[in-house]
Structure formats: C-alpha cells, structure tokens
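Here is a briefing on a single model. It covers a pocket, an aromatic cluster and a set of paired strands.

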Amino acid sequence: MAKSIKKSLDGLIRVETQRRALFNELARPDLFVAGSFNIIGRTCGKETCHCAQEKAPRHPTPVLMSTDGTRRRCQVVRKTDAARVQELVDCYRRFREGLSDLKHLDSKLGALFKELMTLRDQGYS
C-alpha cells in the first residue's frame, strides 16, 4: 500500500474516532431547555419603589428567551428555578455546539474520502 494512501486512511480513522465520540456525547439522554437565559432589569409597578424613578436601577429579573414557532417569547423565571434553568440552557448550548462540530467532522470525512478516491484511482491506459 502506498504511503500516501496509508496516511489518508490514518486520517480517516482519526476523524471517525472523533466523530464517534461526539456522536456518543450527543446521543446522551440529557434534557435541556432551548433558548437563552438572561438577567434583565425590570420595574415592579409600585409607584413608591426605587425602580419607578427614571434613572434608578431596576430589579434584576431572570428570563428565558426562546422561540415558539416564529414568535419570540420571553418568560420570567422564578428566582428559585434560575440556577436549574441556567444549567438546562447551558446543556442546550453544548448540544448545539456539538451539532456544529459534527457537521464540521462530516465535511472533513467527505474531503478525506475524496482524497482517498483520487489516490486509489489508477486510471486505465
């Protein structure tokens, strides 16, 4: 076997090993919440509260921003649930990053197979 074909096969094995590890990570049954978690400043509505002043600091309020079909949705999160929602949103972010990495590895595999096809083609004369 030619040295360049062996090198291409080694590259294929390496990328496929990375792909398999990423696949196993994505296939885990972890739950997540799709969206982004933010702390925004909001007014409480009481006329005598400090937040009613025009330039006064607002009350920090945890919110989950998501989409419901084509509509954007902003849900207020209870302060007691904020840490758990943040954790679930982080899990969603990692899942999306993993999907992006998987797409990148798939394109790498395709390029390596095309390279291998070129190297193995002996032609006919």
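The lining of the largest pocket divides by class into 5 nonpolar, 1 polar and 4 charged residues. Here Ala, Val, Leu, Ile, Met, Phe, Trp, Tyr, Cys and Pro count as nonpolar, Asp, Glu, Lys and Arg as charged, and the others, Gly among them, as polar. The model is predicted: local features need pLDDT of at least 70, side-chain atom pairs count only at pLDDT 80 or more, and totals for chains, interfaces and linings use all residues. Numbering starts from 1 along each chain as its sequence is written, and side-chain values use heavy atoms, with hydrogens and water left out.

**Largest pocket**

- The space in the largest pocket is about 220 Å³.
- A pocket is an open set of points on a 1 Å grid over the protein atoms alone, where a 1.4 Å probe fits, with protein on both sides within 12 Å along at least five of seven lines. Lining residues have an atom within 4 Å of a point.
- Grid points are joined across faces, edges and corners, and the volume is the space filled by probe spheres set on the points.
- The lining consists of Leu-22, Glu-25, Leu-26, Arg-28, Asp-30, Phe-32, Cys-91, Arg-94, Phe-95 and Gly-98.
- H2 gives the largest share, 4 residues.
- Helices (H or I, at least four residues) and strands (E, at least two) are DSSP runs, numbered from the N terminus.

**Aromatic cluster**

- The structure holds 2 aromatic pairs. Rings of Phe, Tyr and Trp (its six-membered ring) pair if their centres lie within 6.5 Å; planes under 30 degrees apart count as stacked, over 60 as edge-to-face and the rest as tilted.
- Phe-32 and Tyr-92 make a tilted pair, 5.4 Å centre to centre with 45° between the planes. Phe-32 sits in the loop between helix H1 (3-26) and S1, and Tyr-92 in helix H2 (residues 82-120), 60 residues apart.
- Phe-32 and Phe-95 also form a tilted pair, at 5.3 Å centre to centre and 35° between the planes. Phe-32 lies in the loop between H1 and S1 and Phe-95 in helix H2, so this pair ties together parts 63 residues apart in sequence.
- Together, Phe-32, Tyr-92 and Phe-95 form one aromatic cluster.
- Tyr-92 is buried at 18% relative accessible area. Phe-32 is partly exposed at 34%, and Phe-95 is partly exposed at 28%.
- Buried means under 20% relative accessible area, exposed over 50%, and partly exposed in between (1.4 Å probe, protein chains only).

**Strand pairing**

- S1 (residues 36-42) and S2 (residues 59-68) pair antiparallel over 7 bridges. Two strands pair if DSSP finds at least two bridges between them.
- Phe-37 has Leu-64 in S2 as its bridge partner.
- S2 and S3 (residues 71-76) run antiparallel, joined by 6 bridges. Asp-68 stands opposite Arg-71 in S3.
- The S2 and S3 hairpin has 2 residues between the strands, and Gly-69 takes a positive phi near 75° there.

**Two strand residues**

- Ser-66 is in strand S2 and is buried, with a relative accessible area of 11%.
- Beyond four places in sequence, Ser-66 is in contact (heavy atoms within 4.5 Å) with Ala-34, Gly-35, Arg-71, Arg-72, Arg-73 and Gln-75.
- Arg-73 is in strand S3 and is partly exposed, at 41%.
- Not counting residues up to four places away in sequence, Arg-73 touches Leu-64, Met-65, Ser-66 and Asp-68.
- The C-alpha atoms of Arg-73 and Val-63 are separated by 9.8 Å.
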